[in-house]
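Colleague: I would like to learn how to read a model like this one, feature by feature. Where do we begin?

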Amino acid sequence: MSTPVTVRSALRSPRLLRTEVLAGLVVALALIPEAISFSIIAGVDPRVGLFASFTMAVTIAFLGGRPAMISAATGAVALVVAPVMRDHGYDYLIATVLLGGAIQVALGLAGVARLMRFIPRSVMVGFVNSLAILVLLAQVPHVVDVPLLVYPMIAVGLAIIVGLPRVTAVVPAPLVAIVVLTGFTVLAAVSVPDVGDEGELPDSLPALFLPDVPLTLDTVRIIAPYAVGMALVGLLESLLTAKLVDDVTDTHSDKTREAWGQGVANLVTGCFGGMGGCAMIGQTMINVKVSGARTRISTFLAGVFLLVLVVGFGDVVAIIPMGALVAVMIMVSVGTFDWHSVRPSTLRRMPRSETTVMVATVVVVVVTQNLAIGVIAGVLVAMTLFARRVAHVTETHRELGVLADGTTRAVYRVTGALFFASSNDLYTQFEYAEDPEDVVIDLSGAHIWDASTVATLDAITTKYERKGKTARIVGLDEASADRHALLTGRLG
């Protein structure tokens with residue numbers, strides 16, 4: 001792991017501080033059309049998404065466990081809370097955000113972040129690749145049925161973003177692309193789609209807001225399912241993003257702090273009438289991978305710049321051509337996609353099950369437009385394939401031997417992991433009719449993992465008893481012996 005850049009070291013270094021400030025500005029510009037789009041998805045005024053992005057970014061800058069990660073209004077959360085807005089109205093939406101934030105705080109303090117270790121690498125790769133595809137697909141509406149001039153503008157933006165870093169890294173290339181293309185549209189007086197076309201920008205600061213809903217069980221029944229969904233989706237997307245940034249920056253982060261910090265950020269956002277949110281992977285990649293930011297300064301300034309831009313300089317921001325932002329997001333998509341994972345050489349070496357999990361994650365995410373659902377589906381596929389693979393590792397070998405007194409004994413040596421998927425076949429591996437009266441089942445090379453295995457062993461010994469024979473189980477390790485002693489004869 002590399003030594004992380006701290007806020008203190010960035011404040012003492014003009015070079016690092018300049019990187020953080022400019023990164024925050026670029027992210028703020030990229031946040032504006034995204035926040036407006038997500039507001040439309042949720043069915044609320046664009047101000048609601050913009051204010052949510054401001055409060056989320058500023059709050060998580062202080063409370064989050066992953067420096068340089070951007071949190072704001074997101075499409076995943078917007079999709080979850082949209083039915084509440086549609087069916088019950090704005091006040092119930094804010095009540096949902098507040099309850100969702102409280103649930104996230106509770107889950108964070110309960111240690112839900114530790115569950116991240118159960119997400120396989122192949123799911124993470126699918127998560128990253130599907131994210132890149134979603135970012136790219138999100139740009140399609142901005143390049144369909146637009147003036148022809150938009151296409152060369154996007155090409156120029158891409159050329160600047162790709163070529164400028166080879167000349168100088170003093171100023172982030174995305175910011176230069178935005179400034180150059182905006183200047184061109186103003187000086188040439190051309191008419192192309194701009195940020196102002198996405199929705200009305202606010203002209204005042206956010207104010208405290210308490211939802212006007214009855215404090216009854218009926219209210220809880222209405223908002224609880226959506227609040228739980230919002231909490232889980234937000235945490236999953238945020239923790240996966242934090243892990244992704246850990247890999248990009250080669251540093252550690254505090255996932256537990258990030259989990260409850262997201263909850264507090266949503267509580268703050270709800271108190272100011274925001275629509276809620278979570279970590280934004282695309283903007284985070286702009287901040288960390290494209291602009292090179294590493295500290296909480298960039299996250300904080302992204303929120304501050306966002307508010308200043310939309311409130312104080314709304315007229316200027318409104319004329320930024322969408323083509324410039326499309327160019328930025330295309331490069332984010334290209335930079336995010338794990339190209340190594342789809343190389344023919346990699347696919348040849350990779351086990352087929354790993355590739356299946358990755359593809360399944362990508363397909364579900366792209367079809368549902370929901371990263372959280374895709375990750376859950378990927379984990380389920382990975383678990384199923386793993387169980388299937390491990391189940392076939394279990395083996396049973398039968399040996400017949402003559403004892404000193406002339407009697408015959410059958411010894412079954414079982415090896416492998418015994419659980420529901422493998423132990424179901426174990427029952428059929430014994431020669432009940434042909435075996436002598438003395439049977440030994442040696443499990444010194446196996447391990448009992450669940451009640452299903454104990455039930456199977458009980459069924460085996462019971463069948464031998466019915467035939468007037470004795471089957472003894474030997475060789476259990478300590479954990480298996482404890483589990484067997486606790487459950488045998490008690491499972492029906």
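Modeller: With strand pairing: two strands pair if DSSP finds at least two bridges between them. Strands (E, at least two residues) and helices (H or I, at least four) are DSSP runs, numbered from the N terminus. In β4, T408 is the bridge partner of V402. This is a predicted model, in which local features need pLDDT of at least 70 and side-chain atom pairs count only at pLDDT 80 or more, while totals for chains, interfaces and linings use all residues. Residues are numbered from 1 along each chain as its sequence is written, and side-chain values use heavy atoms, with hydrogens and water left out.

Colleague: In which sense do β3 and β4 pair, and over how many bridges?

Modeller: Strands of a sheet pair through backbone hydrogen bonds, either parallel or antiparallel. Here β3 (residues 395-402) and β4 (residues 408-418) are antiparallel, with eight bridges. The two form a hairpin with five residues between them. In that turn, G406 has a positive phi of about 90 degrees.

Colleague: What is the order of the strands in the open sheet?

Modeller: The order is β3-β4-β5-β6, four strands with mixed pairing. At the edges are β3 and β6 (470-474), each pairing on one side only. From one strand to the next the twist averages 20 degrees; such angles run from 0 to 180 degrees between N-to-C directions, and axes are lines fitted to C-alpha atoms, for helices over the stretch in contact.

Colleague: How do β4 and β6 each run relative to β5?

Modeller: β4 and β5 run parallel and are joined by nine bridges, with T415 opposite G445 of β5. β5 (residues 438-448) and β6 are also parallel, joined by five bridges, and I441 stands opposite I473 in β6.

Colleague: Which helix packs on the sheet?

Modeller: Helix α20 (residues 478-487) does, touching β5 and β6 (contact means heavy atoms within 4.5 Å). The direction of α20 makes about 120 degrees with that of β5.

Colleague: How many residues of β5 are buried?

Modeller: Nine of the eleven residues of β5 are buried. Buried means under 20% relative accessible area, exposed over 50%, and partly exposed in between (1.4 Å probe, protein chains only).

Colleague: How do I read a pair of packed helices?

Modeller: Two packed helices are described by the angle between their axes and the distance between the axes. For α6 (residues 121-137) and α16 (residues 352-368), the axes come within 8 Å and cross at roughly 35 degrees. Residues making the contact include F127, I133 and L134 of α6 and M358, V362 and V365 of α16.

Colleague: Where is A279, and what does A279 touch?

Modeller: A279 is in strand β2 (residues 278-279) and is buried, with a relative accessible area of 0%. Not counting residues up to four places away in sequence, A279 touches M69, I70, S71, T74, E237, S238, T241 and Q262. A279 and L235 are 44 residues apart in sequence, and their C-alpha atoms are 8.5 Å apart in space.
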